[in-house]
Amino acid sequence: VQLQASGGGLVQAGGSLRLSCEASVSGRTFNNYAIGWFRQAPGKEREFVAAVNWSGGSTYYADSVKGRFTISRDNAKNTVHLQMNSLKPEDTAVYYCAADSYGVTTDQSVRTLDEYDYWGQGTQVTVSS
């Protein structure tokens, strides 16, 4: 699986951005994978942001983004979106999407970096105050 993250940019606090993660899949179909978004700010560890299970029927969020971010997927287009509203300066980071091929998602598993088998290259999000 190859993942391509896009949609990052510079936005003022309170603004919105929509990130996309497009997958190129061979051998299996896109809906075999759970997809997660993580972010990493300078000098900090990579942290969980949001995830969606294979069907889109289950979504998971970090407490810091709950109510502001929405994750969704379009399996027909091999794409996952992360709609980010009410952005704050502390949301500034490189955002990465990742794919988990295990097929079974739990609230704990989706938050664990080691559960993910494939990672995209990241897209920079900068929120100015």
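**View 1. Arg 73 over the ring of Phe 30.** In this predicted model, Arg 73 lies over the face of Phe 30, at 4.5 Å from the ring centre. A charge is taken to sit over a ring if NZ of Lys or CZ of Arg is within 6 Å of the ring centre and within 35 degrees of the ring normal. Local features in this predicted model need pLDDT of at least 70 and side-chain atom pairs count only at pLDDT 80 or more, whereas totals for chains, interfaces and linings use all residues. Residues are numbered from 1 along each chain as its sequence is written, and side-chain values use heavy atoms, with hydrogens and water left out.

**View 2. The aromatic pair of Phe 38 and Trp 119.** Rings of Phe, Tyr and Trp (its six-membered ring) count as a pair if their centres lie within 6.5 Å, and are called stacked when the planes are under 30 degrees apart, edge-to-face when over 60 and tilted for the rest; by this rule there are five aromatic pairs. Phe 38 and Trp 119 form a tilted pair, with 5.1 Å from centre to centre and 55° between the planes. This pair links distant parts of the chain, since Phe 38 belongs to strand S4 (residues 34-40) and Trp 119 to strand S10 (residues 118-119), 81 residues apart; strands (E, at least two residues) are DSSP runs numbered from the N terminus. Phe 38 counts as buried because its relative accessibility is 0%, while Trp 119, at 29%, counts as partly exposed, where buried means under 20% relative accessible area, exposed over 50% and partly exposed in between (1.4 Å probe, protein chains only).

**View 3. Positive phi at Asn 78 and Ser 86.** Asn 78, a residue other than glycine, has a positive phi near 55° and is placed in the loop between strand S7 (69-74) and strand S8 (79-84). Ser 86, likewise not a glycine, has a positive phi of about 50° and lies in the loop between S8 and strand S9 (93-100). Asn 78 counts as partly exposed at 22% relative accessibility, as does Ser 86 at 41%.

**View 4. Leu 82 in the largest nonpolar core.** A nonpolar core is a set of buried Ala, Val, Leu, Ile, Met, Phe, Trp, Tyr and Cys residues joined through side-chain atoms within 4.5 Å. Of the 37 residues in the largest one, Trp 37, Leu 82, Met 84 and Tyr 95 touch the most other members. Not counting residues up to four places away in sequence, Leu 82 touches residues including Leu 17, Leu 19, Trp 37, Val 49, Phe 69, Ile 71 and Tyr 95, contact meaning heavy atoms within 4.5 Å.

Definitions and conventions
Helices (H or I, at least four residues) and strands (E, at least two) are DSSP runs, numbered from the N terminus.
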